[in-house]
Amino acid sequence: MQYSCFQMQPEIGLICALFAIFAVQSADAECNKVNEREMLKKAVEYALPTEHQWLARITYKNGDESKLPDNSCLGALVSKLSVLAPAHCFLQYSDMVEAYSVQLGVWNKSSKADDLNCDDEGYCVLAAQDIPVAEIAIHPEYDPLTLKHSLAVLTLARSAELTPNVIPICMPPQSVMNETVVNEIFVLAGLPIKGDLKHKTFVNTISRPFCKNDKIGELVTSGTAFCGIQDLNNRYYLGAPLVGLHVKFDEPQNYYLAGLLLDSREAKSPKRTVASFLDIRPYMSFINRNAKELSVNN
């Protein structure tokens, strides 16, 4: 059963939120399941709060975010205690950026964490959880000049509380570990640079040579990155999680983490957003050493 706390009265939304939190306690050990109806719903204004519940917003000590491109970064919740994010969200050249906390369940980035989010019409969303960062593990081969191996594992100071809006993403199943990522369709969700509400878009992956042609311009890529063209012309903060769909016996089972947004640009012609993503699969050993309680649904 899917729970949604979008009601016409805030009081009802709060009751729904409390019930929903109780209802998912028995599913603590599981990563996400696919709601095919939600997946196919086109994102016109926003993604539902109960979609892409692994999206994590990273906050910084005062002033640190100004050192980042577009002043913010995102990550992916991969367990109740672990978040993956690009390393260049924390270390650029010799300028260290110190993460302060991770916010989970963010739907409206202009809302304060820990506050039930209701608009003027009584549309209510569960409050985002703000959890301090206890530790950051940077990949040992990360190069801040080229952004190669730009991956970090964040350990949270306490476990995330699983709700309909906060659920970890599954790791890649064994069946996709050696598959091509060219000419495939993935789903990207993130907080937009221009706009407040969580968005999603489909991404068609393309080859690296095509990605670097002169109609697109300079885009950060590497041997462990791949490129894609977004369905919607909307740029997200770095670290937005790109997910694939695990299908078994012709039925969608769950999403799995495929990549993290490294860079995005508006193509010169035609008007669209082209992005590069760090491929998660080559880094599974590093992730397994530093993250806790990962889930893989095979």
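What share of the 298 residues of the chain count as buried? The figure is 54%, where buried means under 20% relative accessible area, exposed over 50% and partly exposed in between, with a 1.4 Å probe and protein chains only.

Before you click on anything: this is a predicted model, where local features need pLDDT of at least 70 and side-chain atom pairs count only at pLDDT 80 or more, while totals for chains, interfaces and linings use all residues. Residues are numbered from 1 along each chain as its sequence is written, and side-chain values use heavy atoms, with hydrogens and water left out.

**Whole chain**

Color by pLDDT, the predictor's confidence in each residue from 0 to 100. The chain averages 79, and 75% of its residues reach 70 or more. Now select residues 1–29: pLDDT stays under 50 there, and the model gives this stretch 49 contacts beyond four places in sequence, a contact being heavy atoms within 4.5 Å. Where pLDDT is low, the predicted coordinates should not be read in detail.

Switch to cartoon and you have 4 helices and 16 strands; these are DSSP runs numbered from the N terminus, helices being H or I with at least four residues and strands E with at least two. Of the contacts between residues at least 6 apart in sequence, 70% join residues at least 24 apart.

**The disulfide**

Next, pick Cys73 and Cys89. Their sulfur atoms sit 2.0 Å apart and form a disulfide, meaning a pair of cysteine sulfur atoms within 2.5 Å. The structure holds 1 disulfide. Cys73 belongs to strand 2 (residues 73–79), and Cys89 to the loop between strand 3 (82–85) and strand 4 (91–92), so the pair ties together parts 16 residues apart in sequence. Look along the S-S bond: the torsion is about -85°, so the disulfide is left-handed. Cys73 is buried at a relative accessible area of 0%, and Cys89 is buried with a value of 0% too.

Now go to strand 10, residues 152–156, where 5 of 5 residues are buried. Show side chains: Ala152, Leu154 and Leu156 point one way, Val153 and Thr155 the other.

Which strand does strand 10 join through 4 bridges? That is strand 3, and the two run antiparallel; DSSP must find at least two bridges for two strands to pair. Select Leu84 to find Val153 of strand 10 opposite. Strand 9 (residues 129–138) also pairs with strand 10 in the antiparallel sense, over 5 bridges. Finish on Val133, whose bridge partner in strand 10 is Leu156.
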